[in-house]
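Keep the viewer open while you read.

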Amino acid sequence: MPSATSKNYVNAMDEAATSENYEDDDIFAEETRAQLKLIKVNDQVRRLQTIIRDRNTSRSEFVFSSDRLIRLVIEEGLNLLPYKPHTVTTPSNTEYNGIKFDRGNCGVSIIRSGEAMEQGLRDSCRSIRIGKILIQTDDESNQAKVFYAKLPKDIAQRNVLLMYPILSSGNTAVKAIEVLEEHGVLDKRIILLTLFTTPDGADTVLLKYPRIRMLSTEVDGVVPNHFVQKYFGTD
């Protein structure tokens with residue numbers, strides 16, 4: 001079951017949509033939280049979350065379950081991208097009024113954990129371009145520093161799916177967004193895809209960038225920080 005921290009955070013977001021009596025500072029905070037969307041958590045999703053959190057899970061089962069959960073987040077993230085009406089002709093020579101995505105979408109993974117989400121994005125969008133940003137925390141200053149960034153040259157004209165599965169403090173994601181901004185990307189065109197996030201991590205990102213959108217499966221005070229080691233077999 002979700003922790004009390006997770007329940008309180010989600011309840012706070014629900015209350016923000018109905019309450020009319022906030023001070024200005026409270027309105028700002030709640031509006032940023034409204035930018036966070038959680039995928040629908042059914043029994044299958046809860047089971048995947050349980051397997052990922054279980055310290056006794058084998059690496060093969062961990063990777064398999066993580067890939068399944070990543071795919072669900074990726075698919076839901078695609079629903080947030082802009083689209084337009086599109087009519088096609090079927091094999092029976094009838095017209096079908098559907099939709100198609102606007103051009104100009106790309107993925108950016110925050111190395112190393114974000115690379116775990118790349119295949120899920122490629123499986124969903126066959127020809128999508130993917131950039132990478134490497135950010136590490138300096139041992140002396142405890143500040144996040146950018147060591148490497150390789151992005152599409154026209155990224156300023158694209159919608160960006162920023163991939164980072166575990167959001168703990170939020171500092172690394174903030175730094176990555178700063179890099180994207182330096183390359184001309186508007187914050188409103190960034191969708192941050194995560195699997196697990198803490199309330200503090202979500203607030204750190206959304207209070208600074210209230211126009212980005214964030215998608216996750218769970219908000220909880222304790223996140224599976226062993227994800228990278230377990231997924232890549234370095235634990």
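What follows covers the sheet, the helices around it and a few salt bridges.

Keep in mind that this is a predicted model.

Seven strands make up an open sheet, with mixed pairing and the order 1-11-9-7-4-5-6. Strand 1 (36-38) and strand 6 (144-150) sit at the edges with a single partner strand each, so one side of each has no neighbour in the sheet. On average, neighbouring strands are turned by 25° against each other, direction ignored. For a look at one pairing, take strand 7 (residues 159-163) and strand 9 (residues 190-193), which run in the parallel sense over 4 bridges. There, Leu162 stands opposite Leu192 of strand 9.

Now the helices. Helix 7 (residues 199-208) packs on the sheet and touches strand 1, strand 9 and strand 11 (213-216). Its direction makes about 160° with that of strand 11. Helix 6 (residues 171-182) lies across strand 4 (105-111), strand 5 (129-137), strand 6, strand 7 and strand 9, and runs at about 130° to strand 5.

Helix 4 (residues 59-78) is worth a look too. Its 20 residues reach 28 Å from first C-alpha to last, close to the 28 Å expected at 1.5 Å a residue. Buried residues in helix 4 include Phe62, Ser66, Leu69, Ile70, Val73 and Gly77. An α-helix has 3.6 residues a turn, so residues three or four places apart point the same way.

On to the charged pairs. The count comes to 12 salt bridges, and three of them are set out here.

| Pair | N to O distance | Accessibility of each partner |
|---|---|---|
| Lys37 and Glu76 | 2.8 Å | Lys37 34%, Glu76 22% |
| Lys132 and Glu115 | 3.1 Å | Lys132 23%, Glu115 26% |
| Asp187 and Arg211 | 2.9 Å | Asp187 11%, Arg211 43% |

What does the Lys37 and Glu76 salt bridge tie together? Lys37 lies in strand 1 and Glu76 in helix 4, so the pair joins parts 39 residues apart in sequence.

Lys132 is in strand 5, while Glu115 is in the loop between strand 4 and helix 5 (118-124), so that pair ties together parts 17 residues apart in sequence. Both also belong to a network of salt bridges linking Glu115, Glu118, Arg122 and Lys132.

Asp187 counts as buried because its relative accessibility is 11%, under the 20% cut-off. Arg211, at 43%, counts as partly exposed.

Definitions and conventions:
Residues are numbered from 1 along each chain as its sequence is written. This is a predicted model: local features need pLDDT of at least 70, side-chain atom pairs count only at pLDDT 80 or more; totals for chains, interfaces and linings use all residues. Side-chain values use heavy atoms; hydrogens and water are left out. Two strands pair if DSSP finds at least two bridges between them. Helices (H or I, at least four residues) and strands (E, at least two) are DSSP runs, numbered from the N terminus. Axes are lines fitted to C-alpha atoms, for helices over the stretch in contact, and angles run from 0 to 180 degrees between N-to-C directions. Contact means heavy atoms within 4.5 Å. The expected span of a helix is 1.5 Å times one less than its number of residues. Buried means under 20% relative accessible area, exposed over 50%, partly exposed in between (1.4 Å probe, protein chains only). A salt bridge is a side-chain nitrogen of Lys or Arg within 4 Å of a carboxyl oxygen of Asp or Glu.
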